[in-house]
Amino acid sequence: MTFDAERLKGVFTALVTPFRDGKVDTAAFEALVERQIAAGVAGLVTAGTTGEAATLRQDEIDDLVARTVRIARGRVMVIAGAGTNDTLATIEKARRAESSGADGLLVVTPYYNKPSQRGLLQHYGAVADATGLPVMLYSVPGRCGVEIAVETCAALRDRHDNIVAIKEAGGSVERVTRLRRQCGGDFPIHSGDDALTLAFLAAGAVGVTSVVSNVAPEGMVALVRAWQAGDAARALALHEQLAELAEILFIEPNPVPAKAALALEGLANADLRLPLTPMEPANLDRLRGVMHRYRSSGATPLRQGAVGGG
């Protein structure tokens with residue numbers, strides 16, 4: 001397949017999934033999608049880790065992906081989270097995402113199983129062979145207990161035309177250089193850590209799959225665009241404006257703080273599905289303070305909006 005790597009440049013928001021009374025709040029979700037597109041993001045990731053995919057039923061995932069595609073209308077790239085710790089289940093999710101109209105797949109390493117690199121080669125190879133969609137690898141050893149080795153990434157790229165990028169969330173800027181050396185400078189890399197976005201861009205990454213952009217999409221978009229335009233000083237200033245927000249949004253397991261932040265702004269409900277629980281009161285107070293300082297910093301104001309109820 002031929003894939004235009006330019007489509008992966010910029011901010012891709014890892015969307016939260018708002019709930020109300022135990023069900024997906026579709027009205028709030030649709031409003032969040034429209035808000036992201038208006039802010040200028042390049043792509044949306046639906047039903048990923050931030051979207052609490054582990055506790056979503058498959059019919060809910062299908063509906064969320066289809067809704068995102070319908071609202072986006074080709075204005076941004078829509079990537080569906082499809083990774084599980086079962087290769088056959090991942091293939092099924094990939095095919096369903098393709099049927100729902102997704103433009104690509106984000107496939108996390110199998111968690112809990114802790115497969116070998118040989119297992120990762122076979123897992124990703126089987127998924128890539130089962131779909132016509134472009135696949136973004138997702139290496140996040142802190143959550144999954146296994147990292148995609150640079151050599152494994154290079155082998156997957158060589159063997160499968162539709163393995164087209166990697167979301168790198170191992171916390172190492174040095175990995176960007178090694179990935180570019182082994183996979184080629186034309187193999188897109190996304191930062192999977194908001195706080196490292198600027199450092200990753202400086203090392204050769206092309207974008208970020210962001211949690212922070214749920215809360216401050218204009219700020220994250222402005223940061224990446226400033227770097228792309230060659231304005232390193234403005235990119236650094238925006239990085240520093242966003243730094244405290246990037247820190248507080250990971251003070252508890254993602255997406256707990258992001259959902260709390262959206263609730264504070266009246267943009268969505270903070271409801272979660274167990275085993276995630278609401279933000280600790282002391283941390284919620286800290287979040288309020290951080291968001292107040294961000295608004296007061298001269299950054300683009302966080303947009304107010306009505307909480308959905310559908």
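In β10, Phe12 finds its bridge partner in Thr209. That contact belongs to a run of four bridges between strand β1 (residues 10-14) and strand β10 (residues 207-210), which run parallel. Strands here are DSSP runs of E with at least two residues, helices are runs of H or I with at least four, and both are numbered from the N terminus; two strands pair if DSSP finds at least two bridges between them.

A word on the source: this is a predicted model, where local features need pLDDT of at least 70, side-chain atom pairs count only at pLDDT 80 or more, and totals for chains, interfaces and linings use all residues. Residues are numbered from 1 along each chain as its sequence is written, and side-chain values use heavy atoms, with hydrogens and water left out.

Strand β5 (residues 77-81) pairs with β6 in the parallel sense over three bridges, and Ala80 stands opposite Leu105 in β6. Five of the five residues of β6 are buried, so this strand is largely enclosed by the rest of the structure. Buried means under 20% relative accessible area, exposed over 50%, and partly exposed in between, using a 1.4 Å probe and protein chains only. Both faces of β6 are covered: Gly104, Leu106 and Val108 are buried on one side, Leu105 and Val107 on the other.

The largest pocket holds about 590 Å³ of space. A pocket is an open set of points on a 1 Å grid over the protein atoms alone, where a 1.4 Å probe fits and protein lies on both sides within 12 Å along at least five of seven lines; lining residues have an atom within 4 Å of a point. Grid points are joined across faces, edges and corners, and the volume is the space filled by probe spheres set on them. Its lining has 26 residues, with Thr49, Glu52, Ala53, Ala54 and Arg143 nearest the centre. The elements giving two or more residues to that lining are β6 (104-108) and α5 (141-144).

The second largest pocket has a volume of about 340 Å³. Of its 21 lining residues, Tyr138, Arg143, Gly192, Asp193 and Phe250 are the closest to its centre.

## The annotated site

UniProt, in an unreviewed entry, lists Thr50 and Thr209 for "binding site"; its positions are given in the numbering used here, feature names are shortened, and annotations may be inferred rather than shown by experiment. The two span 160 residues in sequence, yet no two of their C-alpha atoms are more than 10.4 Å apart, so they gather at one spot. Thr50 and Thr209 are both included in the lining of the second largest pocket. Thr50 sits in the loop between β4 (43-46) and α2 (58-72) and is buried, at 5% relative accessible area.

A cis peptide bond joins Asn254 and Pro255, with omega about 10°; Pro255 is in the loop between α10 (232-248) and α11 (256-264). The bond from Leu274 to Pro275 is cis too, with omega near 15°.

Arg73 has a positive phi of about 50° although it is not a glycine, and at 58% relative accessibility this residue is exposed. Lys114 also has a positive phi, near 55°, and is exposed at 56% relative accessible area.
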